[in-house]
Each structure stands twice: as C-alpha cells, then as structure tokens.
Amino acid sequence: MANRAAYVYIMANHARITYVGVTTYLERRVWEHKTFAHDGFTKQHRLTKLVYIAEFDRIDDAIAWEKSLKVKTRAKKMGLIEAANPR
C-alpha cells in the first residue's frame with residue numbers, strides 16, 4: 001500500500017480567528033469545516049476559509065509541523081498565512 005500524502009491546514013474566518021489541523025483527506029476535511037459537520041471550535045467560530053496548506057510525504061512530519069504551528073503566536077501564524085496566501 002502506498003503512503004498517502006498528509007496535510008497541515010489552517011482554517012479562518014472573517015475575524016481572522018484560526019484553527020490548525022492535520023489530515024490525510026484534505027478535501028473531505030475542508031468540506032466538513034465548511035458544512036459544520038462536527039460540533040466544536042470551528043463550528044462555534046464559523047471557520048470556513050481554507051487559508052493555508054502544507055503537504056508532507058509522511059504523517060508524522062505533518063503532525064510535528066501542526067504541533068509547532070499550534071504554539072506559534074497569532075502574529076507568526078498570520079505572517080505564514082500571508083506569505084503563502086497574500087489575498
């Protein structure tokens with residue numbers, strides 16, 4: 001069985017509140033956020049805009065990057081997002 005790509009992603013809303021996640025099924029996971037398929041932080045804050053994606057060959061590398069992003073300051077996350085996605 002071939003390894004599946006893993007993704008670290010950031011969802012945001014109009015107020016620039018962010019959520020950092022990791023998945024191997026990016027399209028499905030973004031759809032779940034956009035349709036509020038699950039209760040929780042992203043539904044409560046209406047985080048429906050995909051603003052950042054990083055692809056990894058190995059899930060453990062993606063998880064390590066996700067964990068490092070979660071402890072970064074808001075300003076550092078915004079800088080990363082704006083560098084990758086200026087709009």
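This is a predicted model: local features need pLDDT of at least 70, side-chain atom pairs count only at pLDDT 80 or more; totals for chains, interfaces and linings use all residues.
Two strands are said to pair if DSSP finds at least two bridges between them. With that term in place, I shall begin with the hairpin. Strands E1 and E2 form a hairpin, and 5 residues lie between them.

Which residue in the turn has a positive phi? It is Arg16, with a phi of about 70 degrees. To see why one remarks on such a value, recall that most residues other than glycine have a negative phi. Phe36, in the loop between helix H1 and helix H2 (41–44), has a positive phi near 55 degrees. Arg46, in the loop between H2 and E3, also has a positive phi, near 55 degrees. Arg46 counts as exposed, because its relative accessibility is 54% and the cut-off for exposed is over 50%.

I turn now to the sheet. How many strands does the open sheet have, and in what order do they lie? There are 3, in the order E2-E1-E3, and their pairing is antiparallel. Strand E2 (18–23) and strand E3 are the edge strands, each pairing on one side only. From one strand to the next, the twist averages 20 degrees.

The pairings can be followed residue by residue. Strand E1, residues 6–12, pairs with E2 over 6 bridges in the antiparallel sense. Please find Tyr7, whose bridge partner in E2 is Thr23. Val8 has Val22 as its bridge partner in E2. Between E1 and E3 there are 7 bridges, again antiparallel. Met11 shows both pairings: its bridge partner in E2 is Tyr19, and its bridge partner in E3 is Leu50.

Helix H3, residues 59–70, lies across E1, E2 and E3 and runs at about 170 degrees to E2.

Is strand E1 enclosed or open to the outside? It is largely enclosed by the rest of the structure, because 7 of its 7 residues are buried. Both faces are covered: on one side Ala6, Val8, Ile10 and Ala12 are buried, and on the other Tyr7, Tyr9 and Met11 are buried.

Let us compare two single residues lying elsewhere. Thr18 lies in strand E2. Thr18 counts as buried, because its relative accessibility is 16% and the cut-off for buried is under 20%. Leaving aside residues up to four places away in sequence, Thr18 touches Ile10, Met11, Ala12, Phe41, Leu47, Lys77, Met78 and Ile81. Asn3, by contrast, lies in the segment before E1, and its relative accessibility of 69% means that Asn3 counts as exposed. Asn3 and Thr24 are 21 residues apart along the chain, and their C-alpha atoms are separated by 9.9 Å.

I come finally to the empty space in the model. Rolling a probe the size of a water molecule over the atoms shows where such space is left. The largest pocket holds about 240 Å³ of space. Which residues lie nearest its centre? Of the 13 lining residues, these are Ala12, Arg16, Val51, Ile81 and Arg87. Strand E3 (49–56) and helix H4 (74–84) each supply at least two residues of the lining. Sorted by class, the lining has 6 nonpolar, 3 polar and 4 charged residues.

The open sheet has the order E2-E1-E3, and strand E1 is largely enclosed by the rest of the structure. Thank you for your attention.

Methods. Residues are numbered from 1 along each chain as its sequence is written. Side-chain values use heavy atoms; hydrogens and water are left out. On a 1 Å grid over the protein atoms alone, a cavity is a set of points where a 1.4 Å probe fits but cannot get out, and a pocket is an open set with protein on both sides within 12 Å along at least five of seven lines; lining residues have an atom within 4 Å of a point. Grid points are joined across faces, edges and corners, and a volume is the space filled by probe spheres set on the points. Helices (H or I, at least four residues) and strands (E, at least two) are DSSP runs, numbered from the N terminus. Ala, Val, Leu, Ile, Met, Phe, Trp, Tyr, Cys and Pro count as nonpolar, Asp, Glu, Lys and Arg as charged, and the others, Gly among them, as polar. Axes are lines fitted to C-alpha atoms, for helices over the stretch in contact, and angles run from 0 to 180 degrees between N-to-C directions. Contact means heavy atoms within 4.5 Å. Buried means under 20% relative accessible area, exposed over 50%, partly exposed in between (1.4 Å probe, protein chains only).
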